[in-house]
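Student: I would like to learn how to read the features of a model like this one, step by step. Where should we begin?

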Amino acid sequence: TGVQTCALPIYGNITHQVTPDAPDPRRIAVYRDSFGYSLSQTLSKYFRYTDYYHWQAFDASLLKENRPDVVVYEVVEREQGRIPEDMMKLAPEAFR
């Protein structure tokens with residue numbers, strides 16, 4: 001039991017966490033900035049699979065590869081100006 005973490009330094013700041021005894025079996029993806037780091041200890045307790053992607057290391061193919069059930073978008077308020085660009089990365093098909 002407990003949280004198992006696999007960090008992937010090849011891709012930059014990307015972490016996959018598995019919590020076998022989590023109450024929710026879904027996979028969530030968290031697209032985050034540095035403030036999102038604090039979410040890792042909380043969210044990972046509740047979801048079986050949690051993938052954390054720092055915005056600078058993110059590539060849309062990672063969502064296709066890991067197929068999350070839920071995507072959480074977290075950005076500090078002073079960076080709200082980059083939301084349109086981030087949305088293009090997260091869901092490019094929605095903006096075609």
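Tutor: Let us begin with contact, which means heavy atoms within 4.5 Å. Please keep in mind throughout that this is a predicted model.

Student: Which residues is Asp 24 in contact with, once its neighbours within four places in sequence are left aside?

Tutor: Asp 24, which lies in strand E3, is in contact with Tyr 46, Phe 47 and Arg 48 when neighbours within four places in sequence are set aside.

Student: Is Asp 24 buried or exposed?

Tutor: Burial is judged by relative accessible area, and the cut-off for buried is under 20%. Asp 24 has a relative accessible area of 18% and is therefore buried.

Student: How should I read a charged residue in such a setting, and with which residue does Arg 26 form a salt bridge?

Tutor: The general idea is that side chains of opposite charge can pair when their charged atoms come close. In this model the count comes to 2 salt bridges, and one of them joins Arg 26 to Asp 24, with the closest N and O atoms 2.8 Å apart. Whereas Asp 24 is buried, Arg 26 is partly exposed, its relative accessible area being 37%.

Student: Where do Arg 27 and Asp 51 lie, given that they too are paired?

Tutor: The side chains of Arg 27 and Asp 51 meet in a salt bridge at 2.7 Å, taken from N to O. Arg 27 belongs to strand E3 and Asp 51 to strand E4 (residues 47-54), so this pair ties together parts that are 24 residues apart in sequence. Both Arg 27 and Asp 51 are buried.

Student: Turning to nonpolar side chains, how many residues does the largest nonpolar core have?

Tutor: A core of this kind is read as a set of buried nonpolar residues joined through their side-chain atoms, and the largest here has 9 residues: Ile 14, Ala 29, Tyr 31, Tyr 53, Ala 57, Phe 58, Leu 62, Leu 63 and Leu 90. Strand E3 (24-32) and helix H2 (61-66) each supply at least two residues of this core. A second, separate core has 5 residues, among them Ile 28, Val 30, Leu 43 and Phe 47.

Student: How many aromatic pairs does the structure hold?

Tutor: The structure holds 1 aromatic pair, formed by Tyr 31 and Tyr 73, which are stacked at 5.5 Å centre to centre with 15° between the planes. The pair links distant parts of the chain, since Tyr 31 is in strand E3 and Tyr 73 in strand E5, 42 residues apart. Tyr 31 counts as buried at 1% relative accessibility, while Tyr 73, at 25%, counts as partly exposed.

Student: Which backbone angle deserves attention at Arg 67, and where is that residue found?

Tutor: Arg 67 has a positive phi of about 45° although it is not a glycine. Arg 67 is found in the loop between H2 and strand E5 (70-73), and it is exposed, with a relative accessible area of 64%.

Student: Where is confidence lowest, and where is it highest?

Tutor: Where pLDDT is low, the predicted coordinates should not be read in detail. Here the mean pLDDT of the protein is 80, and 84% of its residues reach 70 or more. Confidence is lowest in strand E1 (residues 4-7), at a mean of 56, and highest in E3, at 92.

Terms used: Residues numbered from 1 in each chain as written. Heavy atoms only, no water. Core = buried A, V, L, I, M, F, W, Y, C linked by side-chain atoms within 4.5 Å. Buried < 20%, exposed > 50% of the residue type's maximum accessible area, 1.4 Å probe, protein only. Helix = DSSP H or I, 4+ residues; strand = E, 2+ residues; numbered from the N terminus. Salt bridge = Lys/Arg side-chain N within 4 Å of Asp/Glu carboxyl O. Phe/Tyr/Trp six-rings, centres within 6.5 Å; stacked < 30°, edge-to-face > 60°. pLDDT = per-residue confidence, 0-100.
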